[in-house]
Amino acid sequence: MNQQLKRTLLSLAGLGVFLLLALGSLPASNENNSNQNSNRRSNPNTITYHNSSEQFTGQLADNYVDFSFDYPNSWKRDPEAGTSSDPSFVKVEKTASNGFENFAVAPCWALRDELPQLAGRTSDQFSGGFPEYKKVSEGEIRIGSYDGYEFRFTSRIKPGQGRVWGRVVLLPGTGARKGATLILLAMSASSDVHGPEDVGEKGELPGILDSFRFGP
């Protein structure tokens with residue numbers, strides 16, 4: 001998959017969520033920075049990402065939330081995530097000749113009963129950035145110990161070309177803690193993921209999703 005096209009798709013995903021949050025529901029680093037700590041788990045094949053407020057400015061600093069997750073050490077961090085050119089805190093991805101999988105975390109500040117409305121507006125925003133976009137499901141979801149709301153969608157890389165499957169999970173804020181938006185993408189050429197129902201259920205994304213935790 002063309003690298004520039006892939007970046008465009010992923011940036012559109014993060015941008016859609018961020019704009020909706022900033023206008024509606026809201027009341028970069030390199031591989032060696034202090035956000036990474038492989039000591040969290042004994043698994044030598046994973047890296048732990050810890051979000052850190054020190055690296056962000058602007059809207060990301062204003063809507064900062066502590067979280068962490070584990071990802072395979074064969075995956076790469078996107079150095080543009082968390083910068084002025086990208087509204088996500090972090091993105092990690094696996095690229096191969098047969099496709100890609102991607103996991104990104106962006107801000108979210110919404111109450112639980114606002115999530116269905118936020119999901120609808122976010123989906124509408126996505127439809128303007130992804131060719132042949134179609135939302136295929138939505139509903140309540142539980143990620144680990146966190147209740148949230150999600151929708152899944154299909155789109156294409158370009159009109160008439162390979163498919164991209166997506167899943168957006170909205171985890172609400174509670175009290176003083178803000179929430180997070182988890183964005184999962186996979187390409188139809190993936191050997192493990194064969195439809196939107198498989199995103200975060202097959203391949204390597206399930207391990208990342210299951211490891212997500214709020215807190216320092």
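User: What is the mean pLDDT of the protein chain, and what percentage of its residues reach 70 or more?

Analyst: pLDDT is the predictor's confidence in each residue, from 0 to 100. The mean for the protein chain is 82, and 79% of the residues reach 70 or more. This is a predicted model, in which local features need pLDDT of at least 70 and side-chain atom pairs count only at 80 or more, while totals for chains, interfaces and linings use all residues. Residues are numbered from 1 along each chain as its sequence is written, and side-chain values use heavy atoms, with hydrogens and water left out.

User: How many bridges pair strand 7 with strand 6, and how many with strand 8?

Analyst: Strands of a sheet pair through backbone hydrogen bonds, either parallel or antiparallel. Two strands pair here if DSSP finds at least two bridges between them. Strand 6 (residues 134-143) pairs with strand 7 in the antiparallel sense over nine bridges, with R142 opposite D147, whereas strand 8 (residues 163-171) pairs with strand 7, also antiparallel, over eight bridges, with F153 opposite G166.

User: Is strand 7 largely enclosed or open?

Analyst: Buried means under 20% relative accessible area, exposed over 50%, and partly exposed in between (1.4 Å probe, protein chains only). Strand 7 (residues 146-156) is largely enclosed by the rest of the structure, because ten of its eleven residues are buried.

Methods: Helix = DSSP H or I, 4+ residues; strand = E, 2+ residues; numbered from the N terminus.
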